[in-house]
Every structure is written in C-alpha cells, then in structure tokens.
Amino acid sequence: MADDAWASLADRFADEAYASVKGYVRTYVMHHQLMEHLPPAPARVLDVGGGAGHQSFPLAELGYQVTLLDPSQTMLGKARQRLERLSPDAQRRVTFLQADGENASAATEGQPFDAVLCHGVLGYLDEPAPMVNQLCQCAAPGGVVSIMTGNARAAAVRPALERRWGDALASFDARTEIGVLGVQGRADTVDEISQLMRQRQVEPVRWYGVWLFVDWLEFGGAQLDPSDSEQVAATAAVELEASRRDPYRAVSRVFHLVGRKRSA
Ligand SMILES: C[S@@+](CC[C@H](N)C(=O)[O-])C[C@H]1O[C@@H](n2cnc3c(N)ncnc32)[C@H](O)[C@@H]1O
C-alpha cells in the first residue's frame, strides 16, 4: 500500500463534505438507487474504498453483513469512530479490512459478495480497469456491482458555474481536474465503465446521476442550509427524481452505474 494519501483529507471529506446539503443528497440518492438492486438483508456487502462508512453503515443497520475495505488508516479510524454511533447489532455486522481495492479479492480470501460497492474511488486512480476487475471478481454470480465516479461528459459544469470560462472551454475534452477536495481527480464515462464490466461477466443494469441542482446552486454562490430539514428533504426528493431521468442524469457531475454478475 502507498502512503496514507487520505490522512490530510479525511476530516474534510468525512466530516465537512458529508455535513453539507450536497453530502446529504449524495447519501440519500445513492441509498435509494442501491436499494432498487440489492437482495434483501441479510446479504454480504463489500464496500471497496468505503472510507468512513457513510454508504455502507446504513446497510448494516438494515441487516446487511458489511465488509468495509480501505487502504487508509486514517479513513478506517474515522469509520471506527462512526461505527460507535450504530446500534450494537449493526456494529456486529461490520468488518474492517485495510487493503488496496486492487487487491480486494486476495484481501477477502476470495469469498463471494452479494453486492460490491465502489463509490468515489475510481477518480483517484490512474486507470479504472484494475479496480473494476477486482470489483467484478469479488461479486458472487447474480451479485450486484455498484460504481459511482466522475462523469467526463459533464466536465464543463463546475468551471462554467464558477465563471472560469477559460477552464470551462478547455474542460470539454479533459479527463482530469482539481476536485472540490483540492486533489486531482480523473473522470470516466458510463460507456467506458460499462464496457469494462461487460468484459468481466457483469452486465450493466441501470445508471443514474447523483447530485445536480445542489451543485449548480453551490457553485453559483448560493448558501444551502443543512439545518433546514424541511428544505433538505424537499431538495433530496427532487434530486432523486432528476437522477433517474434524461436529460438530468447526463449532466450530473457524477454517475452511479449498477451491474449484475452473470450467473455461472
Ligand atoms: C472520496 S472517499 C469515498 C469514501 C466512500 N466510498 C464514500 O462514498 O463515502 C475515497 C476513498 O477511497 C479510498 N481509496 C483511495 N485509493 C484506494 C484504493 N487504491 N483502493 C481502495 N480504496 C482507495 C480512500 O482511502 C478514501 O477512503
């Protein structure tokens, strides 16, 4: 494993980003999309690059057996702190593993999972194929593979909304940008990741956008109040609907692709 590159980002991501309206929308929308595909609990879920557990801990509360794999000691520390807030039963259903996702199959000793999640990770890797390979390998026949990553087709959205017109013009064919956490990120397309899945026995089933209007508002300078629970709930409901439909999903800066592994 490389040095803990996420040590300096852990607080900003796990505490600050998730405390924002965008963070709430991300978890809410992704959870609803996932639940359209997951088998009923109890089922085995592997969360690769699971970070502080924002996406998989709610699944543990619902009765799923969660293995959270992440190379970052700091992120795993955050996850362990957050685990204490779960019910005792849910806590017992979570296992932590420190490893790179590119070694997920060996790290989990080849056990098959009913669902393999990889959310917000591919963009930090030089290329997606080795990771997608492991995700597909870890899924049981009939199991779900859920990938969320940056949408290369919507690269101009952020610089344009921030009125960085030169950057926006240059971004249409770009694959990398300095992301909101201040580190370089790489974006992919739904077609490319679908193709990588297909080559590894996983059939793409459906894809979604994730957040949209909250991005436009925040990059445009609006302040969104995460303590206004009525507004936040109304926002999340609109975002969920937009995430499922054209043309909205196509211009979300992030996409969520769900596939299912072919039965043997
Ligand atoms: C943006 S966070 C996403 C965390 C979590 N999936 C979520 O959606 O809240 C990115 C995570 O990817 C992890 N990561 C970075 N490189 C990785 C790799 N090669 N394999 C697995 N995880 C990795 C980081 O440690 C960090 O926890």
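Analyst: A residue is called buried if 20 or more other C-beta atoms lie within 10 Å of its own, exposed if 12 or fewer do, and partly exposed in between, with the C-beta atoms placed from the backbone. Helices (H or I, at least four residues) and strands (E, at least two) are DSSP runs, and they are numbered from the N terminus. The model is a predicted one, in which local features need pLDDT of at least 70 and side-chain atom pairs count only at pLDDT 80 or more, while totals for chains, interfaces and linings use all residues. Residues are numbered from 1 along each chain as its sequence is written.

The part to look at is strand β4, which covers residues 113–119. Because 7 of the 7 residues of β4 are buried, this strand is largely enclosed by the rest of the structure. For the chain of 264 residues, the share that counts as buried is 42%.

The partners of β4 come next, where two strands are said to pair if DSSP finds at least two bridges between them. Strand β1 (residues 44–48) pairs with β4 in the parallel sense over 3 bridges, and here Asp 47 stands opposite Leu 117 in β4. Strand β5 (residues 139–150) also runs parallel to β4, and the two are joined by 6 bridges; in this pairing Val 116 stands opposite Val 145 in β5. In a regular strand the side chains alternate between the two faces of the sheet.

Ala 187 counts as buried because it has 22 C-beta neighbours inside 10 Å. Two residues are in contact if their C-beta atoms, placed from the backbone, lie within 7 Å. Not counting residues up to four places away in sequence, Ala 187 touches Gly 123, Gly 150, Asn 151, Ala 152, Ala 155 and Arg 175.

Phe 255 lies in strand β9 (residues 254–261) and is buried, with 25 other C-beta atoms within 10 Å. Leaving aside neighbours within four places in sequence, the contacts of Phe 255 include Thr 149, Asn 151 and Val 190. Although Phe 255 and Val 190 are 65 residues apart in sequence, their C-alpha atoms are 7.3 Å apart in space.

Asp 191, by contrast, is found in helix α10 (residues 190–198) and counts as partly exposed because it has 13 C-beta neighbours inside 10 Å. Asp 191 and Ala 140 are 51 residues apart in sequence, and from C-alpha to C-alpha they are 23 Å apart in space.

To place these parts in the whole, the chain has 12 helices and 9 strands, and its C-alpha trace spans about 50 × 40 × 35 Å along its principal axes. Among contacts in the chain between residues at least 6 apart in sequence, 76% join residues at least 24 apart.
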